[in-house]
Amino acid sequence: MRAITQQEFGGPEVLTVVDAPEPHTLPTEVLVRVKAIGLNPLETRLRAGEFPVKLPFTLGWDISGVVEKAPHTWRLRPGDEVFGMPLFPRMASGYAELVSAPALHLAHKPAALSHVEAAALPSVGLTAWQGLVDLADVTAGDRVLVHGGGGGVGHVAIQIAKALGAHVMTTASGSKREFVEELGADEVIDYTAVDFAEAARDIDVVLDTIGGHTVKRSIAVLRPGGHLLTAVEDDDPELAARCEAAGMRFSGIVVDPDPVGLRGLVELVEQDKLRVHVQETFPFERVGDAHRALESGHLQGKLVLTV
């Protein structure tokens, strides 16, 4: 099979397509013939050497494809179309034509999604789901502010919050206003023209995908007892202490391959309450170009590799 590996840390040029042996499957795992691979900003940081990962390695977690081999269980069978985010944060070696994955970390691909769309959903979808559903328990009537509503996590979070019955505000550039309104945002704050801290008040839940000054200043827009969620500054004890001192709740979102959440995303897709936007696709061989686009920032939705 073909896989994308790297022998050294560095820029996108270190990513190389090679011939690799077929992965071995354990008794609870299935072998997936990959059709599409979703890309995430974390992968550019791993590639560059920001985290201690033993070389050589193959990046990638978000996959969609067809089960090629499966154990004799009721979960999945050869020929099933599946998608998921297996093994995270352990290496899943998703940038490959074949991936071995725990059956519990995958779900049947909704018929309404192409493989490209399905590959774009797991990481961002589960991040938003685990934040809004599991940690914040958003319910009808809550006021939710999503920072970065036009991005990967943000554009899914808007739709999940709306499906839960929340009043949704989001920060986004003016060029993305129409996009986020189509997703269901009730109010759009153009951060290039308006200070969100002046425009938003009495918010029950803030979901941050930006970090830095944005997440720190978000404490002020929460109502007493409100909940600050962040997928960026998840391990910031000072921020957590500031929230607690102000009488707010703080949660850092560290996404995991939750099968319950994955099925929840499937149900929303099947109810026509959730769609995933793919800005651009790249063929497998152009992974370097895909990483350059990923690092350019200000994306609308997701980028995907096709196999």
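How many salt bridges does the count come to, and where do D204 and R223 lie in the chain?

A: The model is predicted, so local features need pLDDT of at least 70 and side-chain atom pairs count only at pLDDT 80 or more, while totals for chains, interfaces and linings use all residues. Residues are numbered from 1 along each chain as its sequence is written, and side-chain values use heavy atoms, with hydrogens and water left out.

A salt bridge is a side-chain nitrogen of Lys or Arg within 4 Å of a carboxyl oxygen of Asp or Glu. By this rule there are 15 salt bridges.

One of them joins D204 to R223, with the closest N and O atoms 2.3 Å apart. This pair links distant parts of the chain: D204 belongs to strand β11 (residues 203-208) and R223 to strand β12 (residues 222-230), 19 residues apart. Strands (E, at least two residues) and helices (H or I, at least four) are DSSP runs, numbered from the N terminus. D204 is buried at 13% relative accessibility, whereas R223 is partly exposed at 31%. Buried means under 20% relative accessible area, exposed over 50%, and partly exposed in between (1.4 Å probe, protein chains only).

E181 and R177 also form a salt bridge, the closest N and O atoms being 3.6 Å apart. Both lie in helix α5 (residues 177-183), four residues apart, and so are separated by about one helical turn. E181 is partly exposed at 40%, and R177 is partly exposed at 33%.

E50 pairs with R45 in a salt bridge at 2.9 Å between the closest N and O atoms. E50 is partly exposed, with 49% relative accessible area; R45 is partly exposed at 38%.

Finally, a network of salt bridges links R2, E97 and E285.
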